[in-house]
Amino acid sequence: MRIILISFQKLGLLGTSAGNVYDDPPSYILIMIWKRDWGLTYRLIITWSLLLLVYLVFIGILMMLGINVWFIVLIAVGMGLVQYFFSDKLVLMTTGARVVEPDEAPDLHRMIDKLCTDAGLPKPRVAIMQSPMPNAFATGRSPTHAVVAVTDSIMRTLNTQELEAVLAHELSHIKNRDILTMTFASFIAMIASMIMQNFLFASLFDRREGGAWIIAGIVAAVVWVVATILMMALSRYREYAADRGSAYITNNPQALISALTKISGKMEYVPTQAKVAAEGANAFYIFPAISGKTLASLFSTHPALEKRIENLKKVEAELRGY
């Protein structure tokens, strides 16, 4: 990321004011040049490739087992299209978040307006989720079809600068275009999970294909583990990338450090039931809800708080030039 000075007097010309920073009048604006995270780009490409491979192998094995091919195609194509075109609506529905207009949450909209201008992004839809858990997430298939959501709890917990840093983190996910990959990874895991949950029932009532359904259940379990590990590995890195993006957009890494610390402290007092209800969407949240009561608790989608703070301090040193 680079910050360059551009004179208002020269906005209509090519180039920038390279050194005469004392023009009269000294009317300059700060322009953020987004630093592309090639580490994230490579990981997204690798994850897409592996997910496609897992997907094709999964479908191939199910077909070899004699499970109706049209059933497989219908489920795969139908659910894939639903995930692509309606992923944002599905996440909002699952989390209970509601899209709000500027007159309902003017301060929140003003923050996002400013941050989108700074980040060079189209404004996403804005949603609020009623929850005792201080959290936020972004969803959608592209920058022009995105939603940023926050809980009412996080709006009460954080001050203005901290909330701006959290919103900038979510906008960084949109700018990095990593949300769609997570959506499809969770989609493959979801299909595998559905087969895992129903293979025993199917094997009992379909005597001709009972053995095939048992094998399909075992294969589905393996696919679920592989998809979950891929999601976990990508999710951890993309959180680092979004943390860095927040620091670049706000030029205030300390605000996000403070926000993450506050959220972590507040999470300890969130009722277990609320954490269990939120665990299914952990990969999308800025901070995971870990209840310790479900299988999802074994798979961490986020780096440890200490490592995220360490990462942000490195970005701060970069921004300050030391």
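Predicted model: local features only at pLDDT ≥ 70, side-chain atom pairs only at ≥ 80, totals over all residues.

I will start with helix H10, where the buried residues are Leu305, Arg308, Ile309, Asn311, Leu312, Val315, Glu316, Ala317 and Leu319. H10 covers residues 305-320, which is 16 residues, and at 1.5 Å a residue the helix should span 22 Å. Just after H10 comes Gly321, with a positive phi of about 80 degrees.

What does H10 pack against? One partner is helix H8, residues 253-267; the angle in this pair is about 170 degrees and the axes are 9 Å apart. Angles over 145 degrees count as roughly antiparallel, and therefore H8 and H10 are described that way. On the H8 side, the contact is made by Pro253, Gln254, Leu256, Ile257, Leu260, Thr261 and Ser264. On the H10 side, the residues are Leu305, Arg308, Ile309, Leu312, Lys313, Glu316, Leu319 and Arg320. By type, the residues of this contact are eight nonpolar, three polar and four charged.

Next, the loop between helix H9, residues 272-278, and H10, which is where Tyr285 is found. Is Tyr285 buried or exposed? Its relative accessibility is 1%, and the cut-off for buried is under 20%, so Tyr285 counts as buried. Setting aside neighbours within four places in sequence, Tyr285 is in contact with Thr95, Met129, Met133, Asn135, Ala136, Phe137, Glu239, Ala278 and His302. Val150 is 135 residues from Tyr285 along the chain, and the C-alpha atoms of the two are separated by 9.4 Å.

The last item is another helix pair. Helix H3, residues 106-119, packs on helix H5, residues 160-176, at an angle of about 50 degrees, and their axes are 10 Å apart. That angle makes H3 oblique to H5. The crossing of H3 past H5 is right-handed. From H3, the contact uses Leu108, Met111, Ile112, Lys114, Leu115, Cys116 and Ala119. These meet Thr160, Leu163, Glu164, Leu167, Ala168, Leu171 and Lys175 in H5. The residues of the contact of H3 with H5 are ten nonpolar, one polar and three charged.

To recap the two pairs: H8 and H10 are roughly antiparallel, while H3 is oblique to H5.

Note on methods. Residues numbered from 1 in each chain as written. Heavy atoms only, no water. Helix = DSSP H or I, 4+ residues; strand = E, 2+ residues; numbered from the N terminus. Expected span 1.5 Å × (residues − 1). Buried < 20%, exposed > 50% of the residue type's maximum accessible area, 1.4 Å probe, protein only. Axes fitted to C-alpha atoms, helices over the stretch in contact; angles between N-to-C directions. Parallel < 35°, antiparallel > 145°, perpendicular 65-115°, else oblique. Left-handed = near helix turned anticlockwise from the far one by under 90°. Contact = heavy atoms within 4.5 Å. Nonpolar A, V, L, I, M, F, W, Y, C, P; charged D, E, K, R; others polar.
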